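Hi,

Here is the structure I said I'd pass on. Have a look first, and my notes on the charged pairs follow below.

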Amino acid sequence: MSASAIFVLDLKGKVLICRNYKGDVDMAEIDHFMPLLMQHEEEGLLCPVISHGNNHFMWIKHSNLYLVATTNKNSNASLVYSFLYKLVEVFTEYFKELEEESIQDNFVVVYELLDELMDFGFPQTTDSKILQEYITQEGTKLEVAKTKVPTTVTNAVSWRSEGIKYKKNEVFIDVIESINVLVNANGSVMSSDIVGSIKLKTMLSGMPELRLGLNDRVLFALTGRTCDKGKTVVMEDVKFHQCVRLSRFESDRTISFIPPDGESELMSYRINTHVKPLIWIESIIEKFSHSRVEIMVKAKGQFKKQSVANNVEVRVPVPSDADSPKFKTSTGNAKYVPEKNLVVWTIKSFPGGKEFLMRAHFGLPSVENDEAEGKPPITVKFEIPYFTVSGIQVRYMKIIEKSGYQALPWVRYITQSGDYQLRTNV
């Protein structure tokens, strides 16, 4: 079971727009939502599901809006929340910014979308590209468009329209991996993992069938083969776009699909492994009471020499009462960001195996700040192209289309920082 009704409220709890799908929950029930939410907030018991009698409110907050689904059944909560977040995604695609003003300026379109996105409480067409084919932002066009519903809505392939044509058939594959690392003050890695996604930009005519092959360890174990390039990876928490044939993947690990047109995320995954920090930071922070703070930070690239990290940012916390900054760097630029109590050291190009140094000097007031300050970590941002830390590889991409055209697949690998923190002693 899914939702009985969907409401969009402002921050005071006033209903901006709503859609009743099943009629089994009194629409006046929504008046209880905001008082209950405020009561839970005051008690410090804020919960994603709020109940009033036999009725339940499942809600999310976005910008200055609350999106609320009501139900009186034992509904599938994860389905309802997926739908509410999908609603935000679709509205943002249509109106660029989703806030109270964009709802008020586009009542007709919002109501049309609520009509198409869900039917009798069950999600229907939720792909914004398909919705944009027949729900437009001009009201006059809306009336004309209604008469001609695209085949994608009734089609088995609801995410792709028929009759797409390109002069040059190409597909671009981006394998993007984010590294999450937490290093303690003694230099030991406390936790680390890799979160990856494979993104597509598809420019293919017709209704092509694509098959993607990765160096997936489970596949090679199933088939008894060995990987010709040596390394295989074990992917966890794999999530696919709806276009992927899950039964095929579960039986023989083949990623087979008819892709959406244009840009899409084909899949995401997590690799739970010990990751050596790619950019290692050593810091010495000396605080001389009532006088000054001396900071020395050494950054070392712990990745292969032929790779280069771009747009590296090392963010070093400083005391909130520090002033009169002076910097010296062996490369890049350092600047003080007083509103965030940070020194940001920027290095445009950081080759693997290199070491760079940054020194900073700050004055401290003669009167000590009484407030006890925390010890925020040093954080690092970077991006390394043509490289994946997990070693995941696209082994092949087969493109089959009945007209038999030749298409070019292009693959690009990128590793970037995710939640990358190094704790300090000071």
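**Salt bridges**

R245 is partly exposed, at 33% relative accessibility (partly exposed lies between buried, under 20% relative accessible area, and exposed, over 50%, using a 1.4 Å probe and protein chains only). Its side chain forms a salt bridge with that of E209, at 2.7 Å from N to O (the rule is a side-chain nitrogen of Lys or Arg within 4 Å of a carboxyl oxygen of Asp or Glu). The two come from distant parts of the chain, 36 residues apart: E209 sits in strand β10 (209-214), and R245 in the loop between β11 (236-240) and α9 (246-252). Helices (H or I, at least four residues) and strands (E, at least two) are DSSP runs, numbered from the N terminus. E209 itself is buried, at 16%.

A quick word on the source: this is a predicted model, where local features need pLDDT of at least 70 and side-chain atom pairs count only at pLDDT 80 or more, while totals for chains, interfaces and linings use all residues. Residues are numbered from 1 along each chain as its sequence is written, and side-chain values use heavy atoms, leaving out hydrogens and water.

Back to the pairs. R248 and D252 make a salt bridge at 3.3 Å, N to O; they are 4 residues apart in helix α9, so about one helical turn separates them. R248 is partly exposed at 29%, and D252 is partly exposed at 29%.

R292 also bridges to E294, at 3.1 Å from N to O. R292 is partly exposed at 29% and E294 partly exposed at 26%.

Cheers
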